[in-house]
Structures are given as C-alpha cells and as structure tokens.
Amino acid sequence: MKLWLVAVVAACVAALPAMAQKRIALTFDDVPRARGPFLTPDQRTERLIAGLRRAKVAQAAFFVVPGNLSDPDGTGGERRIAAYVAAGHVVANHSFSHPALKAMTAEAYLADIDRAGAWLEGRQGLRPWFRFPYLDEGGSDRAKRDAVRAGLAARGLANGYVTVDGSDWNIESLTADARKAGKPVDMDGLRDLYVETHVESAEFADGLARKALGRQPVQVMLLHETDLAACWIADLVAGLRRKGWQIVSVDAAYRDPIAKLHPDVPSAQGTLLEAIAWEKGLPAPRWYERNTLSIATPLYRRRVLHEAR
C-alpha cells in the first residue's frame with residue numbers, strides 16, 4: 001500500500017473515537033401533559049412510543065408531574081405513563097405541582113417533591129432523579145439553592161439536569177395559538193423548524209462543552225411530551241444521527257462525571273452546561289440563541305405561518 005494511502009487510512013481510524021463521542025440522551029418533561037394542537041393525550045403517547053421504537057431509541061426518560069393527573073387531560077395518565085415504561089423507557093420525579101423554586105420556601109418545595117415521590121414510589125422504571133421545573137434551582141438565592149440541594153441528597157435524589165435545550169414548549173405553544181386563531185400551519189415547515197432547532201441546540205452544546213470542559217460529555221436533551229415530539233421524534237433522531245450523534249440511554253448519560261458537578265454561579269437557572277461555562281468564565285451567550293424568544297418567535301412566524309414578521 002502506498003505511503004500516502006496508509007496515512008489517510010490511519011487518519012480516518014484516529015478520527016473514529018472522536019466522532020463516537022457525540023452522545024446524547026432524550027428526556028421528556030411534564031408527563032402527563034395537557035393535550036396539544038393536534039392529538040388526544042392517548043394518541044400522543046401511542047405515536048411517541050411508536051416514533052421512539054422506529055428510531056431505535058431503546059431508552060428515554062419521562063419526568064412525571066403527578067398533580068397533572070387531576071386535570072381533565074390527565075384522565076388515563078397513569079395508564080399512559082405505564083405504557084412508556086412497558087416500552088422500555090424510565091420515569092423520574094418532576095415535582096407534584098410543577099412549582100417555581102423562586103416562588104416558595106425550600107421546605108415547601110421539598111414537600112412538593114416528597115408528594116410526587118410518594119406517588120412514584122414502587123413503580124416500574126423509576127429512577128432516583130429530580131428535574132427542577134423551569135430548570136429553576138433557586139436563581140440568585142444561594143441559601144435556598146443549597147437547602148434544596150441538601151434536601152435532594154438526603155432523599156437519595158440526583159439532579160436530573162439537562163445540557164441541551166431548544167425551547168420546544170414555545171414552538172408548540174405558538175402552534176396551539178395559531179390553530180385556535182384559525183391560521184394555516186405549514187406542517188412541513190413546522191417539522192423542519194422543530195428538527196432543525198433541536199439538532200442545532202445539540203451542536204451548540206457540543207461546542208460549548210468543548211470550550212468549558214475540554215471534552216465531550218454525554219449530553220441530555222430537554223424535550224416535552226408534546227404533539228410535535230409525537231409527530232417527529234423519529235425525524236429529530238435521524239437529524240441528530242446525520243450530524244454524527246449517537247443516541248444513548250439516560251442511565252448512561254447520568255453516569256457522566258458532570259453529574260457530580262454543582263456549579264456556584266450568580267443565578268442557578270438553566271442547563272448544567274450553561275452553569276459550568278459561566279463558572280469557568282466563558283462569556284455570554286452560554287445558551288442556544290433560539291431559547292431567546294425574541295429570536296425564536298419571529299422565526300416561527302416566518303417559516304411556519306409565512307407571516308412577514
């Protein structure tokens with residue numbers, strides 16, 4: 001074999017481990033969520049399970065808010081949660097009533113977590129993770145932040161952090177508003193925007209991690225149990241894979257060393273990677289630009305509703 005060809009082959013082989021480091025797990029919040037613009041809650045669960053299966057995602061995590069079961073759309077929610085687990089996925093605590101930590105005492109907040117924990121206790125697929133609603137860990141109130149961190153540790157709960165966020169809730173909210181107003185929704189445009197936004201958010205997080213950590217941790221993507229996910233989760237996974245991402249279990253993601261980090265930053269709200277970058281002194285913005293609604297919402301109106309602004 002010619003020397004130049006040997007060199008090319010060696011370079012390609014050397015690059016393979018680096019490519020394999022783009023790993024990401026999928027998580028869904030606010031389960032059981034109220035109905036969205038297109039599907040009933042039962043249809044949404046069925047399609048989301050089918051989409052994950054079609055995309056060969058062996059394990060995703062569904063963060064449960066048991067208080068949602070008492071809402072009208074919560075009817076059948078316990079059965080739908082069990083269906084996710086039966087399909088190979090896992091569940092975890094997202095509080096009982098989805099409160100903002102900024103708006104209550106640490107003691108009341110921990111009591112709300114305990115109430116959710118009592119509902120979840122003994123259920124199949126349960127993992128010892130708690131995800132902060134709104135990713136709000138106390139904001140600028142360090143005493144409250146530390147009290148809740150200590151309370152979680154005492155309960156054997158780990159932070160169910162995220163590192164990748166594309167504000168999918170905003171895309172669905174805008175779609176629901178458009179449907180209520182009788183506006184035509186470009187479904188192809190909606191699909192493309194949904195997929196593109198989340199693939200770009202993962203790519204942004206990969207770049208931020210390289211700067212802040214000098215390596216590529218296993219990323220954790222924040223999604224919600226939405227109609228958009230039910231319709232296009234397989235398209236999203238395909239888009240990630242085209243960019244070299246490997247979809248891994250959430251169990252694997254939370255074994256990454258960053259799971260043990262508790263950054264001390266002026267305001268504790270947002271993704272874990274954002275906080276790590278802030279603590280390391282990286283300048284803003286440390287978040288994907290479409291999480292800024294003044295950027296994301298006009299983009300939606302142009303591409304999905306075909307409005308001038």
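# Reading a predicted fold, step by step

User: What radius of gyration does the chain have, and what would a compact globule have?
Analyst: The radius of gyration is taken over C-alpha atoms, and the globule rule is 2.2 Å times the number of residues to the power 0.38. With 309 residues, a compact globule would come out near 19 Å, and this chain has 20 Å, which agrees. Along its principal axes, the C-alpha trace spans about 70 × 50 × 40 Å. Keep in mind that this is a predicted model, where local features need pLDDT of at least 70, side-chain atom pairs count only at pLDDT 80 or more, and totals for chains, interfaces and linings use all residues. Residues are numbered from 1 along each chain as its sequence is written, and side-chain values use heavy atoms, with hydrogens and water left out.

User: What is the mean pLDDT of the chain?
Analyst: pLDDT is the predictor's confidence in each residue, from 0 to 100. Here the chain's mean is 94, and 93% of its residues reach 70 or more. Residues 1-20 are another matter: their pLDDT is below 50, and beyond near neighbours in sequence this stretch has four contacts in the model (contact means heavy atoms within 4.5 Å). Where pLDDT is low, the predicted coordinates should not be read in detail.

User: How many helices and strands does the chain have?
Analyst: These are DSSP runs, numbered from the N terminus: helices are H or I with at least four residues, strands are E with at least two. The chain has eleven helices and ten strands.

User: Which strands pair with S1?
Analyst: Two strands pair if DSSP finds at least two bridges between them. S1 and S8 (residues 219-224) run parallel over six bridges, with Ile24 partnered by Gln219. S1 is also joined to S9 (residues 246-247) by two bridges, again parallel, and there Arg23 sits opposite Gln246. With S2 (residues 61-64), S1 makes three parallel bridges, and Thr27 has Ala61 as its bridge partner. From S1 the chain crosses through helix H2 (residues 41-54) to S2, and this β-α-β crossover is right-handed. That handedness means that, with the strands pointing away from the viewer, the path from the first strand over the helix to the second runs clockwise.

User: Is S1 (residues 23-31) enclosed or open?
Analyst: Buried means under 20% relative accessible area, exposed over 50%, and partly exposed in between (1.4 Å probe, protein chains only). Eight of the nine residues of S1 are buried, so the strand is largely enclosed by the rest of the structure. Across the chain, buried residues make up 52% of the 309.

User: Which residues have the most contacts inside the largest nonpolar core?
Analyst: In soluble globular proteins, nonpolar side chains tend to be buried together. A nonpolar core is a set of buried Ala, Val, Leu, Ile, Met, Phe, Trp, Tyr and Cys residues joined through side-chain atoms within 4.5 Å. The largest one here has 75 residues, and Leu26 and Phe28 have the most contacts inside it. A second, separate core of ten residues includes Leu110, Ile113, Val148 and Leu152.

User: Where does Pro99 lie, and is Pro99 buried or exposed?
Analyst: Pro99 is in the loop between strand S3 (90-93) and helix H4 (106-120). At 12% relative accessible area, Pro99 is buried. Leaving aside neighbours within four places in sequence, its contacts include Tyr109 and Tyr134.

User: Is Glu137 buried or exposed?
Analyst: Glu137, placed in strand S5 (residues 136-139), counts as buried at 14% relative accessibility. Beyond neighbours within four places in sequence, Glu137 is in contact with residues including Arg145 and Arg149.
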